[in-house]
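Biologist: I would like to learn how to read a model like this one, feature by feature. Could we begin with the idea of exposure and then go on from there?

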Amino acid sequence: MFVVLLGPPGAGKGTQAQALSKQLGIPHVATGDLFREAVANQTRLGRLAQPYLERGELVPDEITIGLVREQLERSASRRGVLLDGFPRTVEQARGLSALLTELGKRVNIVLRLSVPSDELVRRLSQRWTCRQCGAVYQLRAGPPDAAGTCGACRGELYQRTDDTPEVVRRRLQVYFERTDPLVSFYRQAGFLVDINGDQEVNAVTDEILRALNQRRLVNPMTLDGHSGSAKRSLGGAARKPATPRG
Ligand SMILES: [Zn+2]
């Protein structure tokens, strides 16, 4: 199953991709990770991408598509992937379709996580990053403990200087202007499903699994034993709407 996750920074794509990867047994492919890995290994494409990444510029489509191609050709990705951070443009979306056609596959569904702008600004303004391992924490009132250290590696947490509400708002605006054509492209193609990202993490995952189930992309039986929550939601969808919690 080839799934594209769309959504602005702060919408929870990474979190959902991790949860879904576990439940569906297909890898989560984040283009950010592909770039980092290729640069670290100094592959041909990594060396081509490096100067753009260092300057903080968008990596050209051919390089990005090349990296995704390498990933899709790996055996673990042949059954499907959850794409996070790709495609970003209509050009890249066309590249992806061409690539999948070559492999005898196609995009099955595009999930767009929607979260109101004010909530995104709130989330992004509360982000703390670990200096050592890059883990990101969502914190209401400062670092988690007096020491302000990372739960994973005890590294120091800091707030990115560009995570102020004004800068965040501008970044989001740029994001929406850039990706609107992509959203229209996938909507016209009939792949797009809107997911309400403004709810608890588990509730978002359940809504996604219901969407996959509705399109017959998952067999509810295959989810048995993976997650009680998935089973409940898939069964619940057939009977009656789930009762809101809390
Ligand atoms: Zn850390």
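Modeller: Let us begin with a definition: a residue counts as buried if 20 or more other C-beta atoms lie within 10 Å of its own, as exposed if 12 or fewer do, and as partly exposed in between. Please keep in mind throughout that this is a predicted model.

Biologist: With that in hand, is Gly151 buried or exposed?

Modeller: Gly151 has 12 C-beta neighbours inside 10 Å, and therefore it counts as exposed. Gly151 belongs to the loop between strand 6 and strand 7, and its C-alpha atom is separated by 8.9 Å from that of Ala135, which is 16 residues away along the chain.

Biologist: What share of the chain is buried?

Modeller: Of the 246 residues in the chain, 29% are buried. The chain holds 9 helices and 8 strands, and among its contacts with a separation of 6 or more, 66% are accounted for by residues 24 or more positions apart.

Biologist: How much confidence does the predictor have in the chain, and where is pLDDT under 50?

Modeller: The general idea is that, where pLDDT is low, the predicted coordinates should not be read in detail. In this chain the mean pLDDT is 83, and 85% of the residues reach 70 or more. Over residues 224–246, however, pLDDT stays under 50, and for that stretch the model has 22 contacts beyond four places in sequence.

Biologist: How should I read the backbone angles?

Modeller: In general, most residues other than glycine have a negative phi, and most peptide bonds are trans. Arg154 has a phi near 65 degrees, a positive value in a residue that is not glycine, and Arg154 sits in the loop between strand 6 (136–138) and strand 7 (157–158). With 11 other C-beta atoms within 10 Å, Arg154 is exposed.

Biologist: Which other arginine has a positive phi, and where is it found?

Modeller: That is Arg216, whose phi is about 55 degrees and which is found in the loop between helix 8 and helix 9 (228–239). Arg216 is exposed as well, since 8 other C-beta atoms lie within 10 Å.

Biologist: And which peptide bond is cis?

Modeller: The bond from Phe86 to Pro87 is cis, with omega near -5 degrees, and Pro87 has its place in the loop between strand 3 (81–84) and helix 5 (90–102).

Biologist: How does one describe two helices that pack together?

Modeller: Two packed helices are described by the angle between their axes and the distance between the axes. Here the axes of helix 1 (residues 13–24) and helix 8 (residues 201–214) come within 10 Å and cross at roughly 60 degrees, which means that helix 1 is oblique to helix 8. The crossing is right-handed, and in it Thr15, Gln16, Ala19 and Leu20 of helix 1 meet Val201, Val204, Thr205 and Ile208 of helix 8. Sorted by class, this contact of helix 1 with helix 8 has 5 nonpolar, 3 polar and no charged residues.

Biologist: At what angle do helix 3 and helix 4 cross, and which residues make their contact?

Modeller: The axes of helix 3 (residues 44–55) and helix 4 (residues 61–73) also come within 10 Å, and they cross at roughly 145 degrees in a left-handed crossing. Leu45, Leu48 and Ala49 of helix 3 make the contact with Ile63, Gly66 and Leu67 of helix 4, and these residues divide into 5 nonpolar, 1 polar and no charged.

Key: Residues numbered from 1 in each chain as written. Predicted model: local features only at pLDDT ≥ 70, side-chain atom pairs only at ≥ 80, totals over all residues. Axes fitted to C-alpha atoms, helices over the stretch in contact; angles between N-to-C directions. Helix = DSSP H or I, 4+ residues; strand = E, 2+ residues; numbered from the N terminus. Parallel < 35°, antiparallel > 145°, perpendicular 65-115°, else oblique. Left-handed = near helix turned anticlockwise from the far one by under 90°. Contact = placed C-beta atoms within 7 Å. Nonpolar A, V, L, I, M, F, W, Y, C, P; charged D, E, K, R; others polar. pLDDT = per-residue confidence, 0-100.
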